[in-house]
Amino acid sequence: MPYFSKIAPGSTATCALKALEGLPECWGSNAPWGRPTGQIKPPATSGSVSYNDITLGVNHACAIRSDTGTAICWGDNSLKQAQPPHPRTAYSMLSAGGYHTCGLRAADGVAEC
C-alpha cells in the first residue's frame, strides 16, 4: 500500500494524508503554523479520527473527517480562512485558496465558501 493517499501542495509547504491512518502530515520550507518542518496535526479530537480529503492554503489547512464528512481546519485564522465553510455540513471535497476555503456539499454538490 502507498504511504500517502492524498497530497495537497501549497506555495511553501505540502500536506498529505497517510494511507493507513488517514492522518495528515505536513512539511515545507516556510514555517506554516510556526513550525519549519515535521508533522502538523489538526486540533485534538476525541477518539480515533481519520480524514479522506485535505487541502492547503497559504498558512492554513482543511480536511474532511472520514466518519462525518464534516470539515476541520487549522492554522492561521487571521482572515477567518481556517474556518470550514459550514462546520456541521458534510462535504465531498474541499479546495483552499490562499486565504479562503470552499467545499462541495455531499448532499447536493452545491459549492460553499
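The model is a predicted one.

Start with the disulfides. A disulfide is a covalent bond between the sulfur atoms of two cysteines. The count here is 3. Taking the bonded cysteines of the protein chain in sequence order, the pairing runs 1-2, 3-4, 5-6.

Begin with Cys-15 and Cys-26. Their sulfur atoms sit 2.0 Å apart. The pair ties together parts of the chain that are 11 residues apart in sequence, because Cys-15 belongs to strand E2 (residues 13-18) and Cys-26 to strand E3 (residues 24-28). The link of Cys-15 and Cys-26 is right-handed, with 105° about the S-S bond. Are these two cysteines buried or exposed? Both Cys-15 and Cys-26 are buried.

Next come Cys-62 and Cys-73. A disulfide joins them, with 2.0 Å from S to S. Cys-62 lies in strand E5 (residues 60-65) and Cys-73 in strand E6 (residues 71-75). These are distant parts of the chain, 11 residues apart. The link of Cys-62 and Cys-73 has 110° about the S-S bond and is right-handed. Cys-62 has a relative accessible area of 0%, so this residue is buried. Cys-73 is at 9% relative accessibility and therefore counts as buried.

Then take Cys-102 and Cys-113. They form a disulfide with sulfur atoms 2.0 Å apart. Cys-102 is in strand E8 (residues 101-105). Cys-113 is in the segment after strand E9 (111-112). The pair links distant parts of the chain, 11 residues apart. The link of Cys-102 and Cys-113 is right-handed, with 105° about the S-S bond. Where do its two ends stand on burial? Cys-102 has a relative accessible area of 17%, so this residue is buried. The cut-off for buried is under 20%. Cys-113 has a relative accessible area of 67%, so this end is exposed. The cut-off for exposed is over 50%.

Strand E8 leads on to a sheet. Which strands form this sheet, and in what order? There are 3 strands, in the order E7-E8-E9. The sheet is open, and its pairing is antiparallel. E7 and E9 are the edge strands, and each pairs on one side only.

Look at the E7 side. Strand E7 covers residues 91-96 and pairs with E8 over 5 bridges, in the antiparallel sense. Met-93 has Leu-104 as its bridge partner in E8. Ala-96 has Thr-101 as its bridge partner in E8. E7 and E8 form a hairpin, with 4 residues between them.

Now the E9 side. E8 and E9 pair over 2 bridges, again in the antiparallel sense. Gly-103 has Glu-112 as its bridge partner in E9. The hairpin of E8 and E9 has 5 residues between the strands. There Gly-109 takes a positive phi near 75°.

Turn to the nonpolar cores. The largest has 13 residues. Which of them touch the most other members? They are Cys-15, Tyr-51, Ile-54, Leu-56, Ala-61, Ala-63 and Trp-74. E2, strand E4 (51-56), E5 and E6 are the elements that give two or more residues to this core.

A second, separate core has 7 residues. Among them are Cys-62, Ala-71, Tyr-91 and Leu-94. Cys-62 is also the disulfide partner of Cys-73.

Finish at Ala-90. This residue is placed in the loop between E6 and E7. Is Ala-90 buried, exposed or partly exposed? With a relative accessible area of 29%, Ala-90 is partly exposed. Which residues does Ala-90 touch, leaving aside those up to four places away in sequence? The contacts are Thr-68, Gly-69, Thr-70, Leu-104, Arg-105 and Ala-106. Thr-70 is 20 residues from Ala-90 along the chain, yet their C-alpha atoms are separated by 4.4 Å. Leu-104, another contact of Ala-90, is the bridge partner of Met-93.

Conventions
Residues are numbered from 1 along each chain as its sequence is written. This is a predicted model: local features need pLDDT of at least 70, side-chain atom pairs count only at pLDDT 80 or more; totals for chains, interfaces and linings use all residues. Side-chain values use heavy atoms; hydrogens and water are left out. A disulfide is a pair of cysteine sulfur atoms within 2.5 Å. Buried means under 20% relative accessible area, exposed over 50%, partly exposed in between (1.4 Å probe, protein chains only). Two strands pair if DSSP finds at least two bridges between them. A nonpolar core is a set of buried Ala, Val, Leu, Ile, Met, Phe, Trp, Tyr and Cys residues joined through side-chain atoms within 4.5 Å. Contact means heavy atoms within 4.5 Å.
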